[in-house]
Structure formats: structure tokens, C-alpha cells
Amino acid sequence: MLYVTVGREGELVTTESSSNKNFIRGAAILAAAGIISRILGALYRIPLANLLGDEGIGLFELAQPLYNFFLTASTAGLPLAISKLVSEKTAVRDERGAMDVFKVALVFLLFTGVLSATVMFTTADWLAGNVYNDPRGALSIKAITPALIFVTVVSAFRGFFQGRQEMAPSAISQVLEQLFRVGSMLLLAMLLLPKGLEYAAAGTALGAGIGGFIGLGYLIIKFVPYVRNNRRKKAVAYGEYRTPWGQIIKSIFVISIPVALGASVLPIVRAIDSWIVPMRLAVAGFTGQEATALFGQLNGMAMPIVYFPNVITLAIASSVVPAISEAYVLKGKRKIVDKAREVIRVTAMIAVPAGIGILVMSSQICSFLYSKPEVGGVLASLSGAAIFLCILQTSAAILQGMGKVVLPVKNMIIGSLVKIAFEFTLTAIPSVNVVGAGISTSVGFAVVAILNMIDVRRHIDGDLNLMSSFLKPVISTAVMALLVMGSYPLFFKLFNRVSIATLAAIGIGVLVYLVLMLRIGGITEHDFGMIPKFGPKLVKLFKKMKLMR
């Protein structure tokens, strides 16, 4: 990797970096943390539900949507802006400039976090009594407000570290935050339950703040060396000039506002879904109760499964923005093309088998998880969404890294309008009903992904090798799908249990896909080299087994 600095007389000076940071390695670290956090976030709900019951969980859940809304409003695309601007400053060895970006963003995020927490706390009684029609929920709303401050500030630190392509601090803080969040939630709920459900639910909500505080504390400790280093620097890398704070603020908002608008499109569309789908199901002849149940199958059962594979692509997206930004500011066209190719190849490697696996095992997965095989049709209709959601996330990250932050927003709006149009038409057909909403989501995500990829090709000066990136995963996935479909009936006949047969068939599918990708070169030694510690050991094992070229 080349760093470019500007000398006293304005000349360009290039120096070799001491370490070649790899964004795929960073993505692997973030993905691992994301998977661990999601598993912890799913598992704790079982003992919590047994402890609080439906009513107690309901009181806690009253605070959650409000918290998510204020958190989105507080951060508003700023973490990505910090990551991008810090990576650009670091690329030219402007360490003081990177620190200035962080300081400005930290002050602003601290202000928005405190403001949001104050508004949420002071309106809690009114919201609980007049909006949620349960005054007992006020205590949970108040208890979760400290988390707004801590988590908002945490996002500034994570943006800083990710901008420097140092993903480990963000990943470790994420896992620590979730561990202490889950542990304190359960402990406080247990301790406060004798005082009543209202207090137990509030204790559960307070756990989010404790987790955020621990995550923030860890990041501050990791940040201290940068503060000391910054104090030792008397001037920025290129002379005495320092970017005024006003200009930094402008740069941050030029990036963050389009990103925030883009991030708000999907929640708005999901809110529209909650209105359109039941309404059009009523036109199709379903009662209100039936329409609600079908909407629950779509949003409450099928969609969480579809969103699971994007844990990995979200990690890739977080890692690729600073990597592309660095290459872009250094005018490294070759590096931009190489990084974009790598992102698309890895995305295809994950998205294609995930989507097709959901398609061929949809009924079995729903039977295993929910004891409702009938939800399989809804899940199958969303299999395309699983593929295209992964592609649209990473392609948007490439565009954002290149500074084209408006394009993903435009494409998301177009795709959402297409989805709504399809949904309005298909859901009202009695024979299609809620499956039409799933198909519409897949079509909408496909439109966004395709438009993003067109924009990426248009703005990148080089061949992305799209055919090569997708061909090997498609071939391997086709064989995998056939074996999974063929093996499930045999496993079911052998064990006579849906759960065991489903897990065994999926296990066979994963193994077959991995072996085929190794054999045809879809997964290379370089890919495993990006996995910290275990990667080289896996390479040796696969070579010994003659599975890898």
C-alpha cells in the first residue's frame, strides 16, 4: 500500500506503509462479532420470556421501537462519514486531520445523544399514557434513555477505528456490549421482579445502557494511545495548515445526510408495508384476523431468516468503505478495481448459496424453527431478497467509498417504489396473497442491486469480472441444492424428526458447497489467509486432504 503525503513545498511524497491492512480480514472480524452478538441477542429472549411472561415482555418492547427511532435520529449516517473522512486523512498521513474529524463528530454525536435522551426521558410519561395506552411503560422508556447517550458516542469511536481499518476494537466492543447487556438485563429483571412487572421490565431496559457503557469504556481505553500520539504532533503531515472545523462539519454532513436518508427508506417502506399488506389482503377476501396472522408470517417469521446472511455482508460493507476511500483519495484506480472485485466475489460466495438454500429448504426451516411448514411459501418468495439484499449492501458501500453517496439513495427509492407497486397488485390476488408481498420485496431489492451495480461499473475504470465472480458460486450452489433436496427425505426416513433431518441436510449442503468451491478455485488460499489465526491452519488441512489447489 502506498501512502501519499505533501511536503513543505507542496510536492507529492510516496512512502510504503508498514503494514498492508486487508479489508476482508477486517470484514471477517466484524462478521464474527456480528454473528456472536446476534446469537446472544436471540438466546437471551428465551429465559427473559420465561421470567417476565407476555405482559412483562410487552412492557419492555414498548421502549424498544422508540429507542431505535431516537438512536437512528442521533447518529444519522455520521459513523460512515467519520469512517470515510478518517480513512482519507489517514491515507495521506494527516493524523491531526483524522483526529480533528473525530473530535468534531464526537462533540456533535454527544450533543445529539444527550438531546435525544432528554427528549425521550421527559416525554416518557406522556408517550406511555397517550400513545401506548399503558402508563406502566413509562419506567421502561426512562430506563433505556442512558443507552442512547452511550451507544451514540460509541458510534463515533467505531467510525474512527474503522476509518483506520482497525476492526478489532469495534468487534470486541460490540461483543462486550452485548454480553454485559444480556447479562445485566437478565440479572436486573430477576432482582426487580418481586417489586412488580413494571420494575422488572425497566431493569431489562436499563441493561441496554450498562452494555453501552461497557462498550464505550473499552473503546476509550483503546483510544488513549491515539490521544498521546496526537499531543506529540506539532503540525499536520503537510505543513502547518489545518482544516477549519466549519469545513470538517460541512464534509461530514455532505456524506452523512444522504446516508441517513438512504437508511431511512427501508424503515419507511416497512411502515408502509404494515398498512398496504393487511389492506390488500382484505381486498383478497381475508378477515382482519387472518390478514394480521399472514402479515406476522411475513414480518415476524420469514424476514428475520432472510436478514440473517446479511450479518456478513454488513461487515464487508463497513470494512470496504474506508478501504475504497483510501484508494480513491490516493488516486489508486487499480486498487479500487481490485477491492471492488474482491467485494463482489466474496458477496457472491455468500449470497448465492444463502438465497438458494432458503429457497429449497424453506418449508423445512419454518417447520424446524416455528413448527409451521405453511410459512415456507412466504419464506421461499423472499429467497431472492436474501441474495439481492447482500449485493445491494456491498455495492452501495463501494459507491459510498468513492464518494457517490447520493446514488445508493436514489436507487433505494426507485427499488422501493417498484416494490410498493408490485405489492399493491400481487397481495390482492387471493391465490397469491402474502406471498405477493415476499415476491415484491425480492423484486424491489433486485432493482436496487442491479442499479447499484450499473453505477459501480459506470464509475470504476476497469473490468469487475462479474461473470467470473458469480459463475463458480452458481455452479457449486446448483450441485449443493440438488444434494440437499435429495438427502432430506433420506435423513427424515432415518431419524423421523424434522429438526435432525433439516440440520443434517443443511450440514451436507454446506460441506458440499465448500468442497466444490475449493476444488474449482472459487475459494482460494488467499481467502483463508484473511481469517485471523485459523486461516493458515485450514489451508494446511485442505491441502493435506487434496481439496485445495
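The mean pLDDT of the chain (the predictor's confidence in each residue, from 0 to 100) is 82, and 89% of the residues reach 70 or more. The model is a predicted one, in which local features need pLDDT of at least 70 and side-chain atom pairs count only at pLDDT 80 or more, while totals for chains, interfaces and linings use all residues. Residues are numbered from 1 along each chain as its sequence is written, and side-chain values use heavy atoms, with hydrogens and water left out. Over residues 1-21 the pLDDT stays under 50, and the model has 43 contacts (heavy atoms within 4.5 Å) beyond four places in sequence for this stretch. Residues 234-240 likewise have pLDDT below 50, with 19 contacts in the model beyond near neighbours in sequence. Where pLDDT is low, the predicted coordinates should not be read in detail.

The chain contains 21 helices and 2 strands, these elements being DSSP runs numbered from the N terminus (helices H or I, at least four residues; strands E, at least two). Of the 549 residues in the chain, 52% are buried, where buried means under 20% relative accessible area, exposed over 50% and partly exposed in between, with a 1.4 Å probe and protein chains only. Among the contacts with a separation of 6 or more, 79% are between residues 24 or more positions apart.

A search of the whole structure finds 6 cavities of 30 Å³ or more. A cavity is here a set of points, on a 1 Å grid over the protein atoms alone, where a 1.4 Å probe fits but cannot get out, and lining residues have an atom within 4 Å of a point; grid points are joined across faces, edges and corners, and a volume is the space filled by probe spheres set on the points. The largest cavity holds about 110 Å³ of space. Its lining is formed by Leu 266, Val 269, Arg 270, Asp 273, Leu 298, Asn 299, Met 303, Tyr 307, Lys 419, Glu 423, Thr 441 and Phe 445, and the elements that give two or more residues to this lining are α9 (245-283), α10 (288-307), α16 (406-426) and α17 (434-459). By class, the lining of the largest cavity comprises 6 nonpolar, 2 polar and 4 charged residues, with Ala, Val, Leu, Ile, Met, Phe, Trp, Tyr, Cys and Pro counted as nonpolar, Asp, Glu, Lys and Arg as charged, and the others, Gly among them, as polar.

With a salt bridge taken as a side-chain nitrogen of Lys or Arg within 4 Å of a carboxyl oxygen of Asp or Glu, the count comes to 8. One of these joins Glu 423 and Lys 419 at 3.1 Å, N to O; both residues lie in helix α16, 4 residues apart, about one turn of the helix, and both belong to the lining of the largest cavity. Glu 423 is buried, with a relative accessible area of 0%, and Lys 419, at 6%, also counts as buried.

In helix α3 (residues 78-91), Lys 84 and Glu 88 are likewise 4 residues apart, and their salt bridge brings the closest N and O atoms to 2.8 Å. Lys 84 counts as buried, at 4% relative accessibility. In helix α17, Asp 455 and Arg 458 are 3 residues apart, about one turn of the helix, and form a salt bridge whose closest N and O atoms are 2.5 Å apart. Asp 455 counts as buried at 3% relative accessibility, whereas Arg 458 is exposed at 52%. Salt bridges that share partners join Lys 410, Asp 455 and Arg 458 into one network.

Notes. On a 1 Å grid over the protein atoms alone, a cavity is a set of points where a 1.4 Å probe fits but cannot get out, and a pocket is an open set with protein on both sides within 12 Å along at least five of seven lines; lining residues have an atom within 4 Å of a point.
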